[in-house]
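Visitor: I'd like to learn how to read a fold from its atoms. Could you walk me through one?

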Amino acid sequence: MSTGTRAFDEVAAAVRPAAAVLRRRLPELVLGLAVLVTVLAGLALAGSAIDDAAIDDDLATARAEVLDGSTFFRTLVRFTMDNGQTVVPENGVFHPRGVDPGQLVQVEYSASDPELVRVAGRSTVGGAAPLLVGVACTWVLLGPLALWLRRRR
């Protein structure tokens, strides 16, 4: 027997008990993944609602330019506050769906924290539907899979 084959057999023997435990716990792991996705979606909605509430508590509006360099994860805008200060929020604008670089959009921001900016007229409620659809799809796929795996045990 060659050294390479012996090494492979030793690794397989070491991994086999862990693989058996993983196989036994797979239904719980799949269910845990679905719960994790649900919790993360809930936290995202809660965080968005908290940011919207902070903006609503100290609301100011401005005209903003959508900047080049925006990505799927962050849409950059530049606007001028009432006091004349120009602001480019580091984290971008909230609820940016459908805006393009070079476009001028109306934004709402927190006068006390101009880093909190959203496209005017948009809120957490508008972004909740796609997130809830994603959670529903997760459960539609992973729920039956977890049940099937559990029955196979």
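Guide: Let's begin with strand pairing: two strands pair if DSSP finds at least two bridges between them. Helices (H or I, at least four residues) and strands (E, at least two) are DSSP runs, numbered from the N terminus. Here, the bridge partner of alanine 64 is valine 105 in S4. Mind that this is a predicted model, where local features need pLDDT of at least 70, side-chain atom pairs count only at pLDDT 80 or more, and totals for chains, interfaces and linings use all residues. Residues are numbered from 1 along each chain as its sequence is written, and side-chain values use heavy atoms, with hydrogens and water left out.

Visitor: In which sense do S1 and S4 pair, and over how many bridges?

Guide: Strand S1 (residues 59-66) pairs with S4 in the antiparallel sense, over 7 bridges. S4 also pairs with strand S5 (residues 113-119), again antiparallel, over 4 bridges. A hairpin of 2 residues joins S4 to S5, and tyrosine 109 stands opposite valine 117 in S5.

Visitor: How many residues of S4 are buried?

Guide: Buried means under 20% relative accessible area, exposed over 50%, and partly exposed in between (1.4 Å probe, protein chains only). By that rule, 5 of the 7 residues in S4 (residues 104-110) are buried.

Visitor: Which residues touch the most other members of the largest nonpolar core?

Guide: A nonpolar core is a set of buried Ala, Val, Leu, Ile, Met, Phe, Trp, Tyr and Cys residues joined through side-chain atoms within 4.5 Å. The largest one has 15 residues, and Phe79, Val107 and Tyr109 touch the most other members. S1, strand S2 (77-80), S4 and S5 each supply at least two residues of this core, with the largest share, 4 residues, coming from S1.

Visitor: And how many salt bridges does the structure hold?

Guide: A salt bridge is a side-chain nitrogen of Lys or Arg within 4 Å of a carboxyl oxygen of Asp or Glu. The structure holds 5. In one of them, arginine 118 meets aspartate 52 at 3.3 Å, N to O. Arginine 118 lies in strand S5 and aspartate 52 in helix H1, so the pair ties together parts that are 66 residues apart in sequence.

Visitor: What else does arginine 118 bridge to?

Guide: Aspartate 56, with the closest N and O atoms 2.4 Å apart, and glutamate 108, at 2.7 Å. Shared partners join Asp52, Asp56, Glu108 and Arg118 into one network.

Visitor: Is arginine 118 buried or exposed?

Guide: Arginine 118 is buried, at 5% relative accessible area. Aspartate 56, at 44%, is partly exposed.
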